[in-house]
2 protein chains.
Amino acid sequence: MNRQDRGIQHLNDLEEIRKNQIILATLKKISEVGSDNVTMDDIAREAGLSKGGVAHYFPSKDVLCREAFKRFFERIFQRSRDTIIGFADPLSKLLSFGWLYNWNDPDVNLGYPLLFDAMAMASHDAAYRQLFHEWVDRWIEMLSEAIREGREYGLFQDADPVETARTISAIYHGVAVRWYLDRDSHSSDWALRAVRNSITRLMGVKG
Amino acid sequence: MNRQDRGIQHLNDLEEIRKNQIILATLKKISEVGSDNVTMDDIAREAGLSKGGVAHYFPSKDVLCREAFKRFFERIFQRSRDTIIGFADPLSKLLSFGWLYNWNDPDVNLGYPLLFDAMAMASHDAAYRQLFHEWVDRWIEMLSEAIREGREYGLFQDADPVETARTISAIYHGVAVRWYLDRDSHSSDWALRAVRNSITRLMGVKG
DNA sequence: CATGAAAATCCGTCCAGTCGGTCGAAATAC
DNA sequence: GTATTTCGACCGACTGGACGGATTTTCATG
């Protein structure tokens with residue numbers, strides 16, 4: 001981005017644009033090499049700025065990374081919500097996250113390394129655990145809503161919706177780890193069958 | 001360990017003792033701060049040696065970490081095998097990993113940060129993916145054996161044992177992540193119920 | 001004295017964060 | 001309308017510290 005572009009923006013707009021630009025670059029770089037191995041120089045260059053330019057918008061690497069992770073998780077959650085509301089049937093809602101196991105999805109290729117990085121951070125850093133907790137909680141809220149709905153219609157067997165939602169969420173996650181990290185032995189088809197099987201049986205739906 | 005101890009050992013013994021000592025220290029430190037943040041100095045001090053002492057036994061940090069991870073995964077797997085063979089009933093075998101959700105277990109407190117670290121590495125490094133793959137494969141072999149047994153006795157419904165084993169393994173993993181990283185919302189009781197429920201229903205066992 | 005393990009030291013590299021400076025644009029003065 | 005000043009985004013050289021690996025030194029042992 002050259003200097004000509006700058007004048008045509010309001011200042012507040014510019015700040016938001018630059019921050020976004022930097023955060024996108026941060027996510028890409030962390031995804032590529034991990035947050036411990038990424039340098040501010042890498043991020044700056046990826047964003048088309050210099051170290052000083054990045055420093056102008058973010059006070060430290062730590063703050064930048066946290067903000068980047070936060071926005072990324074937010075985006076993934078929004079996407080999940082957009083997907084789930086496209087289904088009316090409660091079981092379909094619970095099974096609507098197949099895109100998590102699609103190699104051609106750009107969010108997937110960017111996202112899994114980010115997720116693993118965030119989890120590794122979380123195991124040492126309470127702030128990242130909090131971030132993870134908030135993210136999971138929003139998923140649970142969304143899933144348990146669908147479960148309650150299904151129970152009302154008599155589709156699902158009786159069980160605590162929140163507890164069941166946590167189990168479903170965990171199953172998606174566990175399958176995802178295998179699918180992404182041991183890809184030669186865990187095809188996308190396996191992943192889809194695994195979650196479908198586990199979840200339908202868990203909910204007491206006749207197969 | 002002080003100098004008096006050293007003379008009473010054969011040289012080959014000593015080498016194995018030192019390597020073990022260093023590896024244990026490495027695992028502890030990685031568990032505490034992550035493999036990227038650990039320094040050779042940290043490891044040496046933890047092992048009661050100096051940097052030079054460690055360098056004498058391991059050529060580089062990279063090699064040391066890989067070897068440490070390898071031995072750790074091996075140990076966990078051995079422990080799992082020891083546990084599973086204590087049960088005769090195939091379903092009990094599949095449910096015999098409750099110790100994975102026990103906060104008082106020393107392997108647990110040491111192990112989860114190591115596992116998350118290894119996964120984050122694996123998402124960038126094929127060598128760690130290979131390590132993960134081999135580890136998973138041994139689990140799958142062990143689990144699918146129990147599943148085959150259960151099918152022979154007519155306890156489990158028909159389904160591909162390996163595919164089902166992969167699903168069970170993934171469920172254990174997914175539940176573990178939630179339990180360890182979002183501990184305030186996921187009790188050990190929840191974790192045990194979650195795997196028991198998911199697995200018994202997946203296997204078609206009458207609850 | 002000889003040997004080799006371990007300690008101490010050194011050196012090259014890398015990186016986060018700082019700071020003085022540049023440049024263009026907007027504001028103000030005249 | 002033009003000159004001048006101010007403002008702030010941005011740059012990039014630099015610093016200080018940390019680290020990994022190699023080299024040198026010390027020392028226990030036989």
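# Reading a predicted two-chain model

Q: Why is B:Trp99 called buried in this predicted model?
A: B:Trp99 has a relative accessibility of 11%, and buried means under 20%, so B:Trp99 counts as buried. The residue sits in the loop between helix 6 (90–94) and helix 7 of chain B. Setting aside residues up to four places away in sequence, B:Trp99 touches B:Ile76, B:Arg79, B:Ser80, B:Thr83, B:Asp105 and B:Val108.

Q: What makes A:Arg79 and A:Asp105 a salt bridge?
A: The side chains of A:Arg79 and A:Asp105 meet with N and O 2.5 Å apart, and the cut-off for such a pair is within 4 Å, so the pair meets the definition of a salt bridge. This pair links distant parts of the chain, with A:Arg79 in helix 5 (residues 61–84) of chain A and A:Asp105 in the loop between helix 6 (90–94) and helix 7 (106–122) of chain A, 26 residues apart.

Q: Are A:Arg79 and A:Asp105 buried or partly exposed?
A: With a relative accessibility of 25%, A:Arg79 counts as partly exposed, whereas A:Asp105, with a relative accessible area of 7%, is buried, because buried means under 20%.

Q: Why does the salt bridge between B:Glu46 and B:Lys28 tie together parts that are 18 residues apart in sequence?
A: The closest N and O atoms of B:Glu46 and B:Lys28 are 3.0 Å apart. B:Glu46 lies in helix 3 (residues 40–47) of chain B and B:Lys28 in helix 2 of chain B, so the pair ties together parts of the chain that are 18 residues apart. B:Glu46, at 29% relative accessibility, counts as partly exposed, and B:Lys28, at 38%, also counts as partly exposed.

Q: Where do B:Arg71 and B:Glu67 lie?
A: Both lie in helix 5 (residues 61–84) of chain B, four residues apart, about one turn of the helix. At 26% relative accessibility, B:Arg71 counts as partly exposed, and B:Glu67 has a value of 26% and counts as partly exposed.

Q: How many salt bridges are there over all chains, and how many between chain B and chain A?
A: The count over all chains comes to 30 salt bridges, while the count between chain B and chain A is two. Across the two chains, A:Arg193 forms a salt bridge with B:Glu163, with the closest N and O atoms 2.6 Å apart.

Q: Why are the two copies described as related by a two-fold rotation axis?
A: Chain B can be laid on chain A with an RMSD of 0.1 Å by a turn of 180° and a shift of 0.0 Å along the axis. The two copies are thus related as by a two-fold rotation axis. In chain B, the C-alpha nearest the axis belongs to B:Gly174, 1.8 Å from it.

Q: What do chain B and chain A bury between them?
A: They bury about 3,900 Å² between them, 57% of it on carbon and sulfur atoms. B:Arg178, B:Leu181 and B:Arg201 supply 18% of the area that chain B buries against chain A, more than any other three residues. The contact takes 45 residues from chain B and 45 residues from chain A.

Q: What makes the link between A:His186 and B:Arg166 a polar contact?
A: The side chains of A:His186 and B:Arg166 are 3.3 Å apart in this contact, and the cut-off is within 3.5 Å, so the pair qualifies as a polar contact. A:His186 is found in the loop between helix 9 (161–181) and helix 10 (188–202) of chain A. At 1% relative accessibility, A:His186 counts as buried.

Q: Why is B:Trp190 called buried?
A: B:Trp190 has a relative accessibility of 3% and buried means under 20%, so B:Trp190 counts as buried. Placed in helix 10 of chain B, B:Trp190 touches residues of both chains, among them A:Glu163, A:Arg166, B:Val175 and B:Arg178.

How values were computed:
Residues are numbered from 1 along each chain as its sequence is written. Chains are lettered from A and ligands numbered from 1 in the order in which they are written. This is a predicted model: local features need pLDDT of at least 70, side-chain atom pairs count only at pLDDT 80 or more; totals for chains, interfaces and linings use all residues. Side-chain values use heavy atoms; hydrogens and water are left out. Copies are superposed by least squares on the C-alpha atoms of residues with pLDDT of at least 70 in both. Helices (H or I, at least four residues) and strands (E, at least two) are DSSP runs, numbered from the N terminus. Buried means under 20% relative accessible area, exposed over 50%, partly exposed in between (1.4 Å probe, protein chains only). A polar contact is a pair of N or O atoms within 3.5 Å; within protein, one must be able to donate a hydrogen and the other to accept it, and residues adjacent in sequence count only if both atoms are side-chain atoms. Contact means heavy atoms within 4.5 Å. Buried area is the accessible area (1.4 Å probe) that two parts lose on being put together, summed over both.
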